[in-house]
Amino acid sequence: MKILGIAGYSGSGKTTLIEKVVPVLVREGLRVSLVKHAHHEFDVDQPGKDSYRHRHAGCSEVLVSSSKRWALMHELRGAAEPNLHEQLKHLAPCDLVLVEGYKAEPIPKIEVHRSSGHTPLLYPEHPHVVAVATDEPLDTGLPQLDVNDAEGVARFIVQHLGLNRARLVR
């Protein structure tokens with residue numbers, strides 16, 4: 001499976017871009033998964049639910065399954081946070097894994113940058129940035145993608161990663 005990061009500062013529009021690009025990639029026949037890194041404590045469970053109660057009782061893992069979806073919650077209980085490549089092993093086979101966050105990981109990334117954000121570019125300090133999705137012209141030799149053009153960003157992803165079976169390559 002191919003891996004591509006979507007990186008940028010908080011509030012730059014990473015999630016918005018991803019939610020617009022993923023349907024384009026899926027429509028074109030690609031199976032897409034996503035890994036999102038959270039910098040803070042988060043919980044996918046709700047107090048009072050059985051799974052929450054089992055986890056808080058001390059279970060290391062709780063798997064919840066239904067006819068629509070399943071989710072596995074794994075408590076680290078003081079162990080080190082797994083790195084991206086360790087987390088990727090948990091995913092089912094797919095064509096493309098988009099990674100939101102993990103700025104320092106040595107994977108190819110599209111940087112999301114908006115003029116209204118007033119933040120510096122990650123590139124060139126992050127050498128794995130392969131393109132910038134932006135709403136303003138930038139002084140860089142990297143490919144510049146229109147952050148508001150999901151089709152164009154998806155086409156770049158397909159071409160850059162060699163996902164040739166998608167119809168976007170035409």
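I began with helix H1 (residues 14–27), where 14 residues at 1.5 Å a residue should span 20 Å, and the end C-alpha atoms are 20 Å apart, which agrees. For the expected span I took 1.5 Å times one less than the number of residues in the helix. Helices (H or I, at least four residues) and strands (E, at least two) are DSSP runs, numbered from the N terminus.

I note that this is a predicted model, in which local features need pLDDT of at least 70 and side-chain atom pairs count only at pLDDT 80 or more, while totals for chains, interfaces and linings use all residues. Residues are numbered from 1 along each chain as its sequence is written, and side-chain values use heavy atoms, with hydrogens and water left out.

Next I looked up which residues of H1 are buried (under 20% relative accessible area, with exposed over 50% and partly exposed in between; 1.4 Å probe, protein chains only), and found Lys14, Leu17, Ile18, Val21, Val24 and Leu25. These buried residues pack against several elements, including strand S1 (2–7), strand S5 (96–100) and helix H4 (150–161). Just after H1, I found Gly29 with a positive phi of about 100 degrees.

I then turned to the whole chain, which has four helices and eight strands, running β-α-β-α-β-β-α-β-β-β-β-α from the N terminus on. Of its 170 residues, 38% are buried. Taking a contact as heavy atoms within 4.5 Å, I found that 52% of the contacts between residues at least 6 apart in sequence join residues at least 24 apart. Along the principal axes, the C-alpha atoms fill a box of roughly 55 × 35 × 25 Å.
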